[in-house]
Amino acid sequence: MAPVKRRVFNTKNELAAGLAKYTADLSSKFCKERGVFTVVLSGGDLISWLWKLLGPPYIDSIEWSKWHIFWVDERVCGWDDVDSNYKLAYDGFLSKVPIPAENIYAIDNGLGAEGNAELAAERYEEGLRQKVNQNIIRTYKSSGFPQFDLQLLGMGPDGHMASLFPGHDEINEKVKWVTYITDSPKPPPKRITFTLPVINCASYNVMAVCDKEQADSVAAAFTHTKDVPAGRLTADVEVVWFLDQAAASKLPRGGCSIL
């Protein structure tokens, strides 16, 4: 099991700076080693914390043409819908960096607009398998699950990650790469999501969480005191939680690095 680290920052601005450096360093590593950098995005506040990558020194030094973008989960809607994680990422980040359009793998727009969650999940998994066959995505050792280079995750106040929610059975899926949910406790109800084995096969997993309303679930994830999906997060190489002081306020002080 990969080591789980935590980095606690005084401000969101400092967290964004740390997240940018961590991402840029891994981009350099994988672009040199593989010629490809596979990055998985989530929704929520995560995109707003990537803004440091849009300025110097990163905007001109990162090999953006080698990035390939995926989503850990997506709301089942069209790309232009206000609920779309693709739209959130495009408006706030992807439209501002020179990643080739063909390297961005969003939910099927038509199926999203139709609200067909089951087929949208199947189609997204088919797309992942194509990228494995093209040697864009690696597979994890003997299990055959896709292995992404870096996954950038967020957590809800209830401790959910991706669209794996407390008390919902999707987190127990062990065969599929992508599954779907039609009764999400957080609207909109229809979503597709990576399964837990896929999430945990990533080389590097980052969980970025800010604000006091998340503090109880952050503490529960670290202490495993209740069924918090984010508490089951691991990775092949490393898991790092990027926290502001409010989100970390109910963690024991020992082991935290305040930056």
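Me: Is Cys31 buried or exposed?

Reply: Buried means under 20% relative accessible area, exposed means over 50%, and partly exposed lies in between (1.4 Å probe, protein chains only). Cys31 has a relative accessible area of 4%, so Cys31 is buried. Cys201 also counts as buried, because its relative accessibility is 6%. As for the basis of these values, this is a predicted model in which local features need pLDDT of at least 70 and side-chain atom pairs count only at pLDDT 80 or more, while totals for chains, interfaces and linings use all residues. Residues are numbered from 1 along each chain as its sequence is written, and side-chain values use heavy atoms, with hydrogens and water left out.

Me: How many disulfides does the structure hold?

Reply: A disulfide is a covalent bond between the sulfur atoms of two cysteines. The criterion applied is a pair of cysteine sulfur atoms within 2.5 Å. The structure holds zero disulfides.

Me: How do I read strand pairing, and what is the order of the strands in the open sheet?

Reply: Strands of a sheet pair through backbone hydrogen bonds, either parallel or antiparallel. Here strands (E, at least two residues) and helices (H or I, at least four) are DSSP runs, numbered from the N terminus. Two strands pair if DSSP finds at least two bridges between them. The open sheet has three strands, ordered β4-β9-β8, with antiparallel pairing. β4 (73-75) and β8 (178-181) are at the edges with a single partner strand each, so one side of each has no neighbour in the sheet. From one strand to the next the twist averages 20°. Three bridges join β4 to β9 (residues 191-194) in the antiparallel sense, and Glu74 is opposite Ile192 in β9.

Me: Which helix lies across β8 and β9?

Reply: Axes are lines fitted to C-alpha atoms, for helices over the stretch in contact (heavy atoms within 4.5 Å). Angles run from 0 to 180 degrees between N-to-C directions. Helix α5 (residues 117-133) lies across both strands, at about 165° to β8.

Me: Why is β10 described as largely enclosed?

Reply: Six of the six residues of β10 (residues 204-209) are buried, so the rest of the structure largely encloses this strand. Tyr204, Val206 and Ala208 point one way, Asn205, Met207 and Val209 the other. β10 pairs in the parallel sense with β7 (residues 150-153) over four bridges, where Leu152 has Val206 as its bridge partner. β10 also pairs in the parallel sense with β11 (residues 238-244), over six bridges. Val240 in β11 is the bridge partner of Val206.

Me: What unit do β10, helix α7 and β11 make?

Reply: A crossover is right-handed if, with the strands pointing away from the viewer, the path from the first strand over the helix to the second runs clockwise. β10, α7 (residues 215-223) and β11 make a right-handed β-α-β unit.

Me: Which residues cover the two faces of β11?

Reply: Glu238, Val240, Phe242 and Asp244 are on one side, with Val239, Trp241 and Leu243 on the other. Seven of the seven residues are buried, so β11 is largely enclosed by the rest of the structure. β1 (residues 4-9) runs parallel to β11 and is joined to it by six bridges, with Val4 partnered by Val239.
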